[in-house]
Amino acid sequence: MVKERARILVVGGGHVGMYTALRLQRTLKGELRRGEADITVVTPDPYMTYQPFLPEAAAGSISPRHVVVPLRRVLDRCHVVVGEVTSVDHAVRTAAVRTLAAAEEGRAAELLGYDELVLAPGSIARTLPVPGLAEYGIGFKTVEEAIGLRNHVIEQMDIASSTRDPAIRDAALTFVFVGGGYAGVEALAELEDMARYTARYYHNVRPEDMKWILVEATDRILPEVGAEMGRYTVTELRRRNIQVLLNTRLESCTDRVAVLSDGQRFPTRTLVWTAGVKPHPLLAATDLPLTDRGRLRCTAELTVDGAEHAWGAGDAAAVPDVTAAEPGTETAPNAQHAVRQAKILGDNIAHSLRGEPLRTYAHKYVGSVASLGLHKGVAQVYGRKLKGYPAWFMHRVYHLSRVPTFNRKARVLAEWTLAGLFKREIVSLGSLEHPRAEFELAAGGKPPHSPSDDPKGSS
């Protein structure tokens, strides 16, 4: 029994935020019914994005709405607040929350009190001061970016098909991806697979006309699957005429020209930046202890070190890896650890409220799977190395088992089945990103003056 009413605030609706709140509403079911506990989830979006499915959503294998999980449906015993936490004052147990209504009412933010804090805002893209990156770079971390990139790639093929200028055509058919981790490799491989298929419907665009370039600053890609599988991935990509440039950095992309550290220059209209992530800036606006890298300093019980009634996990937290041979090792900031940490975190909060001992998070990394396009992949699971179709099949089975809710599992499986029976969809819906442009033009608005203002495009 909880001794007194506990207000639990969960900041973030990602893997950690959603699974922690889901665990809490199950373990504290009686307390919630009796009014002894209250759970509030503050999240910028009313859904959780299952990021491992973003490459397949970009390639058209999965519908965008099936990549996300609606929080209000899953967390039916929690209060879901769509807004952004701008700062946390843990000394007085308050968080400043900026909601959609706050701007309409002329208020900057409102203070939300709590008794227990779960800080899980996740991470954001780690960018570098590369000239032109802010103007022309494309991220790949949200479902909006994934679908926007799909529209953009098909739109570039439309541009190349309809121009007689060889320079414009070459730039439109050159696709540069920076970052050789999961996001970069899987996004490039899936989109190249999709574009190669789409090219059969263009009379003057062939797969060999397109340039796909992967730029990685280190000497290997996909370090999570091991050195051997990483080398196999490089070989597999190069066999598909994809340029894999290791030990190479992006120096500049000003004026839509990607300049690399080895001196190569690629005029391109597509530059996708997936070179890592960094902790959410919200962490710097708290009075909680942080590591040198800006992550929450946590214990193995997922409490914030030195701060009572504060908890952390996932990308935003530096959690000790008690299974590692070397002391001081932290768990990797990936979805596999985030989901497992969230379950322990939810249980530990319940244990803390009931005066029970806390559990220690201890989980060995079982392996990794990565898709390289339809029927192609690499995997290393429990020390076993897989490649080609078996790895691709393992990738789908694993993520289908991990995507939340039976509803999503059934819909994703149905879409995969239909995709195997019918042809790919090759239409670009870039106009969805500017839904009012057509009406504004009809109502007397100014016509578009640049490709970025094109109501029918996403460039």
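This is a predicted model: local features need pLDDT of at least 70, side-chain atom pairs count only at pLDDT 80 or more; totals for chains, interfaces and linings use all residues.
1. Two packed helices are described by the angle between their axes and the distance between the axes. For α1 (residues 15-27) and α11 (residues 335-353), the angle is about 35° and the axes lie 8 Å apart. The crossing of α1 and α11 is right-handed.

2. Next, have a look at who touches whom in this pair. From α1 come His15, Val16, Tyr19, Thr20, Arg23, Leu24 and Thr27. On the α11 side they meet Ala335, Ala338, Val339, Ala342, Lys343, Leu345, Gly346, Asp347, Ile349 and Ala350. By type, the residues of this contact between α1 and α11 comprise ten nonpolar, four polar and three charged.

3. Which residues of α10 are buried? They are Met229, Gly230, Tyr232, Thr233, Val234, Glu236 and Leu237. The elements that cover them include the helix α9 (182-198) and the strands β12 (211-215), β13 (242-245), β23 (377-381) and β24 (384-387).

4. Now for the charged pairs: the structure holds 18 salt bridges. One of them joins the side chains of Arg34 and Glu36, at 3.2 Å from N to O. Arg34 is partly exposed, with a relative accessible area of 42%, whereas Glu36 counts as buried at 17%.

5. Asp209 deserves a stop of its own. Arg169 forms a salt bridge with Asp209, with the closest N and O atoms 3.1 Å apart. Because Arg169 lies in helix α8 (residues 166-172) and Asp209 in the loop between α9 and β12, the pair ties together parts that are 40 residues apart in sequence. Arg206 also forms a salt bridge with Asp209, the closest N and O atoms there being 3.3 Å apart. Both Arg206, at 48% relative accessibility, and Asp209, at 21%, count as partly exposed. Elsewhere, salt bridges with shared partners link Glu192, Asp193, Arg196, Arg240 and Lys376 into one network.

Notes:
Residues are numbered from 1 along each chain as its sequence is written. Side-chain values use heavy atoms; hydrogens and water are left out. Axes are lines fitted to C-alpha atoms, for helices over the stretch in contact, and angles run from 0 to 180 degrees between N-to-C directions. Helices (H or I, at least four residues) and strands (E, at least two) are DSSP runs, numbered from the N terminus. A crossing is left-handed if the near helix is turned anticlockwise from the far one by less than a right angle, and right-handed if clockwise. Contact means heavy atoms within 4.5 Å. Ala, Val, Leu, Ile, Met, Phe, Trp, Tyr, Cys and Pro count as nonpolar, Asp, Glu, Lys and Arg as charged, and the others, Gly among them, as polar. Buried means under 20% relative accessible area, exposed over 50%, partly exposed in between (1.4 Å probe, protein chains only). A salt bridge is a side-chain nitrogen of Lys or Arg within 4 Å of a carboxyl oxygen of Asp or Glu.
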